[in-house]
Amino acid sequence: MYFALGDLAENDLRDAARALDAYTRAESLGAEQIPVWRAIDRVAGAASEPAAQIRVLRQLVFAADPAEPAALTEDVYRLAELELSSPGDIAAGLGTLDWAMSREIRHDRAAAMLQRAADVAPGEASVLAAYERVARAAEDPAMLLDALERAAQAPGATMDLVREAVDLATAAKDQARVQSLLERAVAIAESADTALGEAVWALLALADIHERSGALAEAVSCLTRAVQAAERDEALRHAERAANLARKIGDADLAAGAYERLLVRDPNDRDVWTPLLAIYREKGDRDALEQKLREAIEHAFDVAFRIQLRRERAALLIDTRWEDAAMELSELLNEDEDDTAAALQLTQLYERNGRHDALADLLDRRLSGARARNDVAAILALSLQLGALVAGETPDRAIEVYRSALATSPESTPLLTRLLALYTPEDHPDDRADILERLLALSQGADAVPRALALADLREKMEDDEGAARALNRGLEAAPGNREIRDRLAALYKNREMWPELADMLAREGREASGPNAVASLREAAAIYLDKLDRASEAADMLLHASAHAPDDLALLVDLSRCLARAGRENEARERVGAALQAGIGTRADRVALLRLRAEMSSEPDQLPNAIADLELAYTLDSQIAADLMDALERYRGTASGSADRAAWMRLFDVYFSLSRYESARDLLGDWFAQEPNDVGALRLAAFMDALAGKWDQVVELCDRIVGAEEGEARIHAALLVADASTQAGYPAEARGVLEAVFRDNPGSAALRENLRRIYEVTEAHRELAELALTEAEQASDATERFNALRRAGQLFLESANEPESAISPLQMACEMRPRDGDVAVMLADALIGANRLQEAANFLDTALGAQKGRRSREVSLMQQRMAAIAGAVGDRANEAGWLNAALDSDAQNSEAAARLADVATELGQLDVAIKALKAIAMMKNPRPITRAMAYVRQAIIAQHQGDVRKAVLLARKAQTEDPSLEEAASLLAELSG
């Protein structure tokens, strides 16, 4: 009722909400599911009730008829569309969409759904990922651009994704989207740890866009940011471009900005200072230029450049700040004492302003005199005094003094120490290194350690690896056993990949040490000789030394053996592994590892059997090495001796099978058949594998070959395989020929017989079934089985094959076995009658009835009925009636005899006999061929014939009551009533 109400509300009232309520109630009351769900689906959509629509669509898709795949696909797509439009069902919608796409790909529809889902749930990663996958699969650039653009705005967007979106927008010539995506790329880079490094390309592209549009200031801003993030050479080019654009708009500060950013990264870069100073010169601001020159001088490494800068700065200061100019010239002369112009300028400044350093002159004169006298002690003393005096204001002068003194006192520790203190790491690395090395050569014990480490630091900064190693080695010589220097030297060798030096050092340590320390050093040395230097023999020597310290270390034995093998000493390696196996040392896992190792070292073709033997033994200990055994067997199969080794092939088959590599196992058998096509065992295995794979046509073919190759019981078994395979393949009768051929040679096989029987029954081969029963009778050892088989053969010949003549012989034999079996006797009589051997049938029935000695039974009735049939066949109606009457007396339920008796008696005018037969039929439950109703009608006709109309009407009415549809009864009543 509710369903009808829903239909009325939906179609007549056009009230979707009321229809939804009615259909929902009908559903809760157990209405037929599919129709009511379809109805709810329709009206829920119209009533804007997506939750209800989602609910019934889920039920519909899981209750769908497999015979209507297109309808199911549409329902799944609709369900996905609804779920993806509902914020709470987004995750389910993605799964449903995957299902829908797996059934039928509809890219445009899927994309539309995912676009709506992305609007419903902005930034949802799973939706954006699904949209991107669909867009890529659709190969639609516009769709993919939309998907990537949405993903680019979401948290976690990657630079590669944005870059691809930019490429698509560029290809689509959508300049606005290109600029928006580029700006997003910059934002992503700014939020990442890498700052703008990954977005240089985007900044440059934005700069191009701004420059083309005339927004030069914005273009310069982008280029300036790119300068900050780009590599040096690239950054210089971007800075130059930014400066040129800034010049176009007359903004010198903007032009300088890009170079200023570069100086933040490297304030010592001359290639940056040169164009930057040119910009400051163009500005015409002397104070700003002077300040910038001072900064440049402070950071200039190149002496010539620094002198040039000093000269320029001094020229700017000489008229306004002479002291600063004098200092600059003094510094210039310290760097270039042959600069006569600077010397002249400085002289003039000192003269003009009355500033002289008398003490310095005095000391200098004294030092000159000491040099002239070659007074070593005085030179040293005066140099130390003068250097100390001028070191504060003019350290370079002090340095020169000290260096001059070193010419006469090269091993003076105080002189070297003071000079070292004056050398700054930035300005004098070579000099510092030289002084440190000279000091280190004079040091011993604890004093040598910090000097060796400091010198090594300096040499490394100078990228002088050999010098650093030399310093550390000298430190070890001066302070043997110092762990800090030793570890520092090892790290230097390792970091600079100075492998020969590191290996030699470790080898030396290993030989000098003992116990675990020796083993560790020797193993590390061996690893470097082997892996870094490819000197396997020396690596093996190291491990041999280590093995002497740890003879029971199996891991060491494994490394040693592999190393020996790599050095071409395989025999020695195998002997060592064999000795360990012979000694029985280690755990089960250790033995497996050793066996695998020895197999690994027996890889030559003539050694593969040994390798396989080792792997077989290892396999008994650990089945996980099956893959190794498989590889060895595969390689052996490819050798001349292995190609014909059936046992090896079959073992490889077993391993494939154990690893579930069924296809490889089957292919292996195919390869074997190519050279041994009649290998029955292999054929059986192949049939088994094809059966596992359900390839029954191939199984049938293989089993046919097996039948041709087998004999005796094996051939029977093969024929049965053909039968089973044919059944599985869907054409069981195709096995008939094979089964018959094998059965002819093996008639005693019950299994063959049963398979043939099934085929004969399916194909209605009745004669063959009968002959099969005869064969069964011949093979039967039990009397009952023989009797049943003969009876079945006779019955099949008689009733199914319609060959009464063929039925006679088996039925006669069955009768001989059981003379008193009435059913067999009746069938034999039917066979004789059917074969028109009436006299034989009569004689047989006469004898059979005589044996019954007047008993009444169903079997006696049937035999009497057959005697009646013989009489009828020769035209003896009276005798036929007599036998039929006797048959009815013997079995009152023999409806066929009663019906025939009624016909014959009526024909002979023996109406009382006919009525007797008809009454007997009317008393039966389901008589044939005359029904109970017809028996009443025929009695009524006889009563009418005899003039008893009342009785005729009564009988006709009984007939009509028994069968209201019987026309004969209705016609007779009408006739009697008229």
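1. Ala943 is buried, with a relative accessible area of 4%; buried here means under 20% relative accessible area, exposed means over 50%, and partly exposed is in between (1.4 Å probe, protein chains only). Ala943 sits in helix H53 (residues 932–945). Helices (H or I, at least four residues) and strands (E, at least two) are DSSP runs, numbered from the N terminus. Setting aside neighbours within four places in sequence, Ala943 is in contact with Asp948, Lys951, Ala952 and Leu955, where contact means heavy atoms within 4.5 Å. Between the C-alpha atoms of Ala943 and Val953, which are 10 residues apart along the chain, the separation is 8.9 Å.

2. A word on the ground rules. This is a predicted model, in which local features need pLDDT of at least 70 and side-chain atom pairs count only at pLDDT 80 or more, while totals for chains, interfaces and linings use all residues. Residues are numbered from 1 along each chain as its sequence is written, and side-chain values use heavy atoms, with hydrogens and water left out.

3. Now the overall picture. The protein has 55 helices and zero strands. Of its 978 residues, 44% are buried. Among contacts between residues at least 6 apart in sequence, 47% join residues at least 24 apart. The protein exposes about 49,100 Å², with carbon and sulfur atoms supplying 49% of it; accessible areas come from the Shrake-Rupley method with a 1.4 Å probe, and for residues only the protein chains shown count as cover.

4. Which residues touch the most other members of the largest nonpolar core? They are Leu97 and Leu114, in a core of 110 residues. Helix H12 (residues 200–213) contributes the largest share of this core, eight residues. By definition, a nonpolar core is a set of buried Ala, Val, Leu, Ile, Met, Phe, Trp, Tyr and Cys residues joined through side-chain atoms within 4.5 Å. Beyond its neighbours within four places in sequence, Leu114 is in contact with Leu84, Leu94, Leu97, Val127, Ala130, Tyr131 and Val134. There is also a second, separate core of 62 residues, and Leu406, Leu416, Ala468 and Ala539 are among them.

5. On to charges: the structure holds 39 salt bridges, each a side-chain nitrogen of Lys or Arg within 4 Å of a carboxyl oxygen of Asp or Glu. One of them joins the side chains of Arg109 and Glu81, at 3.8 Å from N to O. This pair links distant parts of the chain, with Arg109 in helix H7 (residues 107–120) and Glu81 in helix H5 (residues 69–84), 28 residues apart. Arg109 counts as partly exposed at 23% relative accessibility, and Glu81 is partly exposed at 27%. Both belong to a network of salt bridges linking Glu74, Glu81, Glu104, Arg106, Arg109 and Arg116.

6. Helix H7 also holds Asp119, which is paired with Arg150 in helix H9 (residues 141–153), 31 residues apart. The closest N and O atoms of the Asp119 and Arg150 salt bridge are 2.9 Å apart. Arg150 is partly exposed, with a relative accessible area of 24%. Helix H9 is also the place of Asp146, which counts as buried at 17% relative accessibility. Apart from residues up to four places away in sequence, Asp146 touches Gln115, Tyr131 and Arg177.

7. Glu776 lies in helix H44 (residues 766–779) and Arg757 in helix H43 (residues 750–763), so the pair ties together parts 19 residues apart in sequence.

8. Met1 is exposed, at 76% relative accessibility. Together, Met1, Leu5, Leu8 and Leu13 form a nonpolar patch on the surface with about 420 Å² of accessible area. Patches are made of residues with over 30% relative accessible area and no salt bridge, with like charges joined within 9 Å and nonpolar side chains (Val, Leu, Ile, Met, Phe, Trp, Tyr) within 5 Å.

9. Lastly, the cysteines. How many disulfides are there? The count comes to zero, taking a disulfide as a pair of cysteine sulfur atoms within 2.5 Å. Cys222 is buried at 8% relative accessibility, and Cys815 is buried at 10%.
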